[in-house]
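User: I have a protein open here and would like to go through it with you. Could you help me read it?

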Amino acid sequence: MATAPTNQTAPQTGAQAVIASAVDPARRPDVLLRVRRDEGHEVSAWWMVGAFVAVSAAVVSLLSWVPGGA
């Protein structure tokens, strides 16, 4: 089985050109809080659960000061 000849002098087209010029979205300067972390160093989902519970508790406690409730 013969391999297809490749022409190294021709410009790259299609997916090859897109992949060659791709920019890692985590490294873009206009993205403030996005960070690419190493394998095994991702943020635990429990931090997001805890943040949701804390914000929900803060909203409920602040709304308890609003008059007009039953």
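User: How many helices and strands does the protein have?
Analyst: The secondary structure comes to 2 helices and 0 strands, where helices (H or I, at least four residues) and strands (E, at least two) are DSSP runs numbered from the N terminus. This is a predicted model, in which local features need pLDDT of at least 70, side-chain atom pairs count only at pLDDT 80 or more, and totals for chains, interfaces and linings use all residues. Residues are numbered from 1 along each chain as its sequence is written, and side-chain values use heavy atoms, with hydrogens and water left out.

User: And Phe52, where does it lie, and is it buried or exposed?
Analyst: Phe52 lies in helix H2, which covers residues 45-63, and Phe52 counts as exposed because its relative accessibility is 61% (buried means under 20% relative accessible area, exposed over 50%, partly exposed in between, with a 1.4 Å probe and protein chains only).

User: What share of the protein is buried?
Analyst: Buried residues make up 3% of the 70 residues.

User: Okay, which residues does the UniProt "transmembrane region" cover?
Analyst: That annotation, from an unreviewed UniProt entry, covers residues 45-66, and such annotations may be inferred rather than shown by experiment. Over residues 45-66 the chain is 86% helix and 0% strand, with the end C-alpha atoms 32 Å apart.
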